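Open the model in your viewer and keep the sequence panel beside it. This tour goes from one selection to the next and says what is there.

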Amino acid sequence: MGMEGDSFPLMEVNTSDPEASEPWDYVLVAERRGRRATGQAHRQLQFLEELKRKGFRYKIMEDREKVFFGIRAESRIFDLYRTLLMEPEGPGTRTQPAGPAPIPASTRIRIVNFVLNNTTAAGDTLDDLVKSGVFETRFVLHKGQDDLRKEWAQWRRVLRPQPIDDIRDYFGEKVALYFAWLGWYTYMLVPAAAVGLLVFLSGFALFNASQISKEICEAHDILLCPRGDHSRRYQQLSDTCTFAKVCPRGGGGGGGGGPLQPASPGREAAGCPCGAARPSGRQEAGPARAPCPQLTHLFDNEGTVVFAIFMALWATVFLEIWKRQRARVVLHWDLYGWDEDQEEMALQLINRLDYQLRLHQHSYLRSSVILILSVLMICLMIGMAHLLVVYRVLAAALFNSALLFQEEQVTTAVVVTGALFHYVVILIMTKVNKCVALKLCDFEKPRTFSERESKFTMKFFTLQFFAHFSSLIYIAFILGRINGHPGKSVRLAGLWKLEECHLSGCMMDLFLQMAIIMGLKQTLSNCAEYLGPWLAHKCRLMRFKLGRASGDPELRDVQHNYLLNPVNTFSLFDEFMEMMIQYGFTTIFVAAFPLAPLLALISNLVEIRLDAIKMVRLQRRLVPRKAKDIGTWLQVLETIGVLAVIANGMVIAFTSEFIPRVVYKYHYGPCRLGAQPAVDCLTGYVNHSLSVFYTKDFQDPVQAEGSENVTECRYRDYRDARDYSLSEQFWVLLAIRLLFLILFEHVALCIKLIAAWFVPDVPQSVKNKVLEEKYRALRDKMCSSSKSTDV
């Protein structure tokens, strides 16, 4: 119900204006109690009168608690917009319409939003007035979204194509391009998910034929050294035979060739230790990190290398074909030649005719300060990864001393709780990183809003990348490599022994960490992303129905939009950032977690409809923004693609057991002189992969259970049995690992470059259509010039 207040005149709508019956472009909201304060009312009136001078009409509507100001721009503002952005040589000059074409609702809202946010009354902008409480909030009304609600924002439409043109008409090009990109990304995940699942399942076919599993079951004279401070007993390798093909996790260090204690009936290992029967006699230490072929073999097999190269090619093809898709869509929207700087200047001139152009500037001092502060923040992110290391070490000691878990469950408990701890750290650091990135952007003083958004994107993504992936980098390339050896272990603060990898290898730790973080992040994020706005909207709606429902249809519509969840500048940005982090998980460590594309595919099918429902049904309308690409996010995607090649190459070279197995086959194993059909080339690999430690060299031998008759045990490392120095095999494998890394990265990057060259960014049909438009424009101009000369 429209009411005239004490401090505000009710702006009467001119009935002769054809736009009078149209909905309001924008709505400002204020507390009704605030109107009683003369200062607040005066500042509101000043701002509204300034809008009126610029060509806006407004109307005041009140309910019991709120005052709503409906704002609508007059047509002369949009006539000026047409004049400034009219292309005199474009297709529009060939056929003149009988009258001006109607301005789309998304364009109206975009222009009105720009003018409102740049209007100053008594030195205060709209943001200043909102912060000081003069206005509570502002929003755009939802109008004409029924088709989107029926055809797009419904769960049963999850497998249907998206109406991109309708999304563009309602939410603007920026949102439409986000959903077009997300739809294409989801579509391209199908082959990646299929290949990843195939690589994962191929390990099952090799379970029963695994030579390493057979050697574990026959290892009746192998003892493994006590593993960590929470494991104080020797473990007989053959005790784990029943787990050799189905165990869910790895066990402890090495075994020994000395006298053995018989295994007690209940003495089963917590996981699948890596080792095998060694011939009697003393043997030099061989390459360590012998893999447990059980669960690890599902993702650490010969197909891992092929899949990593496939994903490098997939990432390139995905981006190249997306560029082609974008070119088609943008041409269809007549935005192929649209210039963002020109649009920004036109809006500034519409707002203020005396607008002075801001030129590009660069300050080396500011850039240096920003670089130093960014490096400090990155160091903080790396420090958070070290905090995770400290947590896992202390948690292992706590779980063991408090008897919260059985001895064989301590390692699994540490890995799982460590991943949960890391997830909580990510949530906290996300808020910190956003504040830091905003402060850095404000310090840099970007020229335009678009430039500010671009700079903020790069800074925030860089900080978020280290927050999400620093712990994965630690697990993949540092965990278990600085621990020393039995008898001389590296300890935290001289008290707690550093955590070791699973006996199945650090690939298992990396697999579990990625599975937990990715699963939690996608599952919990999707639930919170939907349930949070849904519950908040329901609560606001219930409070509203208790007291102040209006009978006026116009006011009731405004109230309904007010009760929806608020949106801000970061609403779409957060959706993009969520997808970029997911894309990083899907590509960067995919060699250790081939199921990542499958999880991403399932998540994205839900994400598309979840975002649609949230934007159309649960949130206030986003302010439309014009764009012809996804902006800086494309550079982020290309950077992730390069990082994925490097990271996967390093995972295969240094974390996976692929290189040690290949080297053993052709350099140390029975097939080194040629293939022998009757002998498996990995025969003796596990035996070769464990180092020997003599129990007399333990600093505290009395602490190990059952050590009375044990003279030596086995552990995983590349060390000589005489003085426990790094063995010759260590340096041989290190050289081969580095060589493989160089070859892998060069081959993968060459494949990416060839694919980028082979698939043009812009289809020939788009280039030809643009060329034809330019040709027609020149011909028309020439004909017009000839006619003028003849006259």
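Buried means under 20% relative accessible area, exposed means over 50%, and partly exposed lies in between (1.4 Å probe, protein chains only). Helices (H or I, at least four residues) and strands (E, at least two) are DSSP runs, numbered from the N terminus. This is a predicted model: local features need pLDDT of at least 70, side-chain atom pairs count only at pLDDT 80 or more, and totals for chains, interfaces and linings use all residues. Residues are numbered from 1 along each chain as its sequence is written, and side-chain values use heavy atoms, with hydrogens and water left out.

**Stop 1**

Select residues 56–62, which make up strand S2. Seven of its seven residues are buried, so the strand is mostly covered. Show the side chains. Phe56, Tyr58, Ile60 and Glu62 point one way from S2. Arg57, Lys59 and Met61 point the other way. In a regular strand the side chains alternate between the two faces of the sheet.

S2 and S3 run antiparallel, joined by seven bridges; two strands pair if DSSP finds at least two bridges between them. Three residues separate the two strands of this hairpin. Which residue of S3 is the bridge partner of Tyr58? It is Ile71.

**Stop 2: salt bridges around the hairpin**

Side chains of opposite charge can pair when their charged atoms come close. A salt bridge here is a side-chain nitrogen of Lys or Arg within 4 Å of a carboxyl oxygen of Asp or Glu. The structure holds 31 of them.

Pick Lys66 and Glu31. They form a salt bridge, with the closest N and O atoms 2.4 Å apart. Lys66 counts as buried, at 6% relative accessibility. Glu31 counts as partly exposed, at 29%.

Move to helix H1, residues 38–53. Arg53 and Glu50 both lie in H1, three residues apart, about one turn of the helix. Their salt bridge has its closest N and O atoms 2.6 Å apart. Glu50 counts as buried, at 19%.

Next, select Glu74 and Arg76. This salt bridge has its closest N and O atoms 3.3 Å apart. Glu74 is partly exposed, at 26% relative accessibility. Arg76 is partly exposed too, at 46%.

Then jump to Glu320, Lys323, Glu638 and Asp761. These four are linked in a network of salt bridges.

**Stop 3**

Rings of Phe, Tyr and Trp (its six-membered ring) pair if their centres lie within 6.5 Å; planes under 30 degrees apart count as stacked, over 60 as edge-to-face and the rest as tilted. A search of the whole structure finds 42 aromatic pairs.

Select Phe456 and Phe570. Their ring centres are 5.4 Å apart and their planes are at 55°, so the pair is tilted. Phe456 lies in helix H13 (residues 449–477) and Phe570 in helix H16 (residues 570–587), so the pair ties together parts that are 114 residues apart in sequence. Phe456 and Phe570 are both buried.

Now select Phe469 and Phe585. This pair is also tilted, at 4.8 Å centre to centre and 35° between the planes. Phe469 lies in H13 and Phe585 in H16, so the pair ties together parts that are 116 residues apart in sequence. Phe469 and Phe585 are both buried.

**Stop 4: charges over rings**

A charge sits over a ring if NZ of Lys or CZ of Arg is within 6 Å of the ring centre and within 35 degrees of the ring normal. The charged end of Lys434 sits over the ring of Phe570, 4.8 Å from its centre. Then select Arg366 and Phe443. The charged end of Arg366 sits over the ring of Phe443, 6.0 Å from its centre.

**Stop 5: strands S11 and S12**

Select residues 691–694, strand S11. Ser691 and Phe693 point one way, Val692 and Tyr694 the other, and all are buried. In S12, Glu712 is the bridge partner of Tyr694.
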